[in-house]
Each structure stands twice: as structure tokens, then as C-alpha cells.
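User: Hi! I am new to reading protein models. Could you walk me through the charged contacts in this one?

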Amino acid sequence: MADTTAAMRFEWTKIRTLRSTLWSLAVYFLISVSFAFLAGHFLRGSYKDMSAENKADFDPVAAGFHGLRLGMVVLVVFGVLAVSSEYSTGTIRSSLTAVPRRGVFYGAKLLTGAATALVTSVVVVGVSFFTTQLAMGGPQSASLSDDGVLRALAGGVLYTTLICVFSMGLASVLRSSALTIGILVPLFFMVSAILNSIPGVQKAAQFLPDVAGGLILQSGRPEGTVLTAWTGMAVLVAWTAASVTAGYLAMRRRDA
């Protein structure tokens, strides 16, 4: 336990002193909150022009999380850089000399990255929600006491944190910032959306990590899906566990 604590302090020093990781967290906040405000401001004027059917199906919580999905691009970059930057610079050898037990080294890196993503996401998700609802105003906005809102907020924090950890696990396998980001960013933010809109493959696409976990961002029960909010989160947990396990095996079996 003492070794893990010391290793986590070591990893936190890296995160705190590496300018790119701190900037990525700041940009994650700015993008998410900015788009949350724009979404709320747009919906403030467009809600009254919606049909009665669209108003009945309108989810003010999910509407405010569009910015969170965009900001999550930067959180993915943070997770990847937290792992792969040491391989690109060659400092991984010095790190493994300082923490020779690879399991401890890998666990400390994941725990530190996950804790950083978790704390940042608590702030980002909370501020994004209130920004959207204040900008939206009127009867269409939601409050914390509404059904499903607290679940969606807690799920949003869990969702973004797990996506970050999934990215860290894959980065441990690939050991390349460019390659890992080049796979994850198109997958999460283009390929998943395209596949999820094609009727023939939509049901299978729901099991992709970002799509399955993203169901939790809706305050109501998702419609037209095989998965529910929590079974979708379970699918994301399974993806994350597989990624972390693969990263651990790569760390143990391959040279630095």
C-alpha cells in the first residue's frame, strides 16, 4: 500500500508538471461549458416552435450534455497523453527505475489518471448542467429535483471517467499518442454516430463503449435501444475492464 501511495504521488507530480495534460483539462471544461451555454440559449428560442409531440419527447438534461460529448474529446487526449507521453519521450525507463514493480506502476498511473478525470468531470458535468438550464430558462428547463436528473448527472461523471480510463488502457497497449488518438477520436465521435444511425447495424452499434455508456446521459428511459441506461453502463465497464487488462498484460510482458 505504501508503494502504491508513493507511486501515485510520483504520477501526480507528472500530471501537475506536464503542461499538455493541464491544458487539456482546462480545454475540456471550456468546451463543455461553452457548448452547454450555446445549447441552452438556442433551445430557449426554439422550444416554443416545437410541435406538441416534440415537446413531450424533449429531454432538457440530454440536450445540455451535447457539449460534454464534444469536450470529452479532450479528456480522451488527456488519458492517452498521461500514459503514452513517457514512451514517446523515452522517460518510461526512468519511471520504471523509480518504480520497478510494473503492476504498482501501472495501477498508480491508472488510479491517478482516473481520480483526476473524476474530480474534473464532477465540476464539468455540474457546471454544464446548470449553465444549460439557466440559459434555457422557462418551463422547458430541468431542476435537480426532477426525476432522473441526479442519475443522469452521476452517470455523466461515471461515463466520462470510464471513457478516460478506457483510453489509458488502450494507450498502454499501443504506446503511441498519435496512433491511440487516431483510433479513439474517429471511433467515438464519427464512426459510432454513423453506425448508430444505420438501421441494419444500429443494434450492434449500441454495444460500442461510447454509445452504450452514453445512454446514461438521458434523464428518461432511452427509447428504441436494446440496452437501458444502466445495462449500457455495464457494457462500458466491461470494455474498460478489457482495455485495462490488456494494458496491464502489455506492461508486464513487453520491454520499456
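Analyst: A salt bridge is a side-chain nitrogen of Lys or Arg within 4 Å of a carboxyl oxygen of Asp or Glu. This is a predicted model, where local features need pLDDT of at least 70, side-chain atom pairs count only at pLDDT 80 or more, and totals for chains, interfaces and linings use all residues. Residues are numbered from 1 along each chain as its sequence is written, and side-chain values use heavy atoms, with hydrogens and water left out.

User: Why is the contact of K109 and E11 called a salt bridge?

Analyst: The N to O distance is 2.8 Å, and the rule asks for within 4 Å, so the pair qualifies. K109 sits in helix 7 (residues 102-136) and E11 in helix 1 (residues 2-17), 98 residues apart. Helices here are DSSP runs of H or I with at least four residues, numbered from the N terminus.

User: What makes E86 count as buried?

Analyst: Buried means under 20% relative accessible area, exposed over 50%, and partly exposed in between (1.4 Å probe, protein chains only). E86 has 5% relative accessibility, so E86 is buried.

User: How do you know that E86 and K109 form a salt bridge?

Analyst: Their N to O distance is 2.6 Å, so the pair meets the within 4 Å rule. E86 lies in helix 5 and K109 in helix 7, so the bridge ties together parts 23 residues apart in sequence.

User: What joins E11, K14, E86 and K109 into one network?

Analyst: Salt bridges that share partners do. One of them is the K14 and E86 bridge, at 3.0 Å, N to O.

Definitions and conventions: Helix = DSSP H or I, 4+ residues; strand = E, 2+ residues; numbered from the N terminus.
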